[in-house]
Amino acid sequence: MSAVVQAGPASNIHGTAVVVADKGVLIIGPSGSGKSTLALALVDRLGTRGRFCRLVADDQVFASGHGGRLVCHAPDTISGLAEVCGIGPQRLAASEDGAVIDLMVRLVPDTELPRLQEEAHETVAGCVVPRIDLPARNVVCALQMLAAWLKLPPFRAE
């Protein structure tokens, strides 16, 4: 995707954004909840299976509304970098300049995660975005839930 043209001032969000297949995903949660780890696991898992998945921004995301859609991009100073736990920011082989966000993922403690989730939405930069809650610091479970929601293998659209 080419550079994102801003329609107005962007909000700086503590989060991570990725493009998964044809969907933009914004991952939010407190420091240490696993945002970077989940994003890197997605990039690795889907990339090794021949699927498109790229990081847009890690740790800080500029978000703005464009025609009712939420668009995110990385601040120039961290574009193409992802934080690796215990090592720090590392340059990725490939990243995207920006993404239209189709889903917000909120990482929460297991104790706050309902067994079955109701439909939920968040409003960011004036845009309403579907939201799912995933378990913080549990990449295996979070990957399965996200793959099911996005209808990625091994799941399929009905």
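**Fold, pairing and backbone in a predicted model**

Buried residues account for 43% of the 158 residues in the protein. The model is a predicted one, and what follows should be read with that in mind. As for overall dimensions, the radius of gyration is 15 Å, which agrees with the value near 15 Å that a compact globule of 158 residues would have. Along the principal axes, the C-alpha atoms fill a box of roughly 40 × 35 × 30 Å.

The protein has 2 helices and 11 strands. Along the sequence they come in the pattern β-β-β-α-β-β-β-β-β-β-β-β-α. Of the contacts between residues at least 6 apart in sequence, 66% join residues at least 24 apart.

Now to the strand pairing. Strand β1 (residues 11–13) runs antiparallel to strand β5 (residues 61–66), with 3 bridges between them; here N12 stands opposite F62 of β5. On β5 there is also an antiparallel pairing with strand β6 (residues 69–73), this one over 5 bridges, and G65 has L70 of β6 as its bridge partner. β5 and β6 make up a hairpin with 2 residues between them, and G67 in the turn shows a positive phi of about 60°. Elsewhere, strand β2 (residues 15–20) and β4 pair antiparallel over 4 bridges, with V20 bridged to C53 in β4. Strand β4 itself (residues 53–57) is mostly covered, with 4 of its 5 residues buried. In general, side chains in a regular strand alternate between the two faces of the sheet.

Leaving out residues up to four places away in sequence, S36 touches T16, D58 and E83. As for R45, once its neighbours within four places are set aside, its contacts are L143, Q144, P153 and P154. The C-alpha atom of R45 is separated by 25 Å from that of V129, a residue 84 places away along the chain.

Two of those R45 contacts, P153 and P154, turn up again in the backbone geometry: a cis peptide bond joins P153 and P154, with omega at about 15°. P154 lies in the segment after α2 (139–150).

A125 has a phi of about 50° despite not being a glycine, and A125 sits in the loop between β10 (120–124) and β11 (127–135). At a relative accessible area of 36%, A125 counts as partly exposed. R137 is another such residue, with a positive phi near 55°; R137 is placed in the loop between β11 and α2. The relative accessible area of R137 is 66%, over the 50% cut-off, so R137 is exposed.

Note on methods:
Residues numbered from 1 in each chain as written. Predicted model: local features only at pLDDT ≥ 70, side-chain atom pairs only at ≥ 80, totals over all residues. Heavy atoms only, no water. Rg over C-alpha atoms; globule rule 2.2 N^0.38 Å. Buried < 20%, exposed > 50% of the residue type's maximum accessible area, 1.4 Å probe, protein only. Contact = heavy atoms within 4.5 Å. Pairing = 2+ DSSP bridges.
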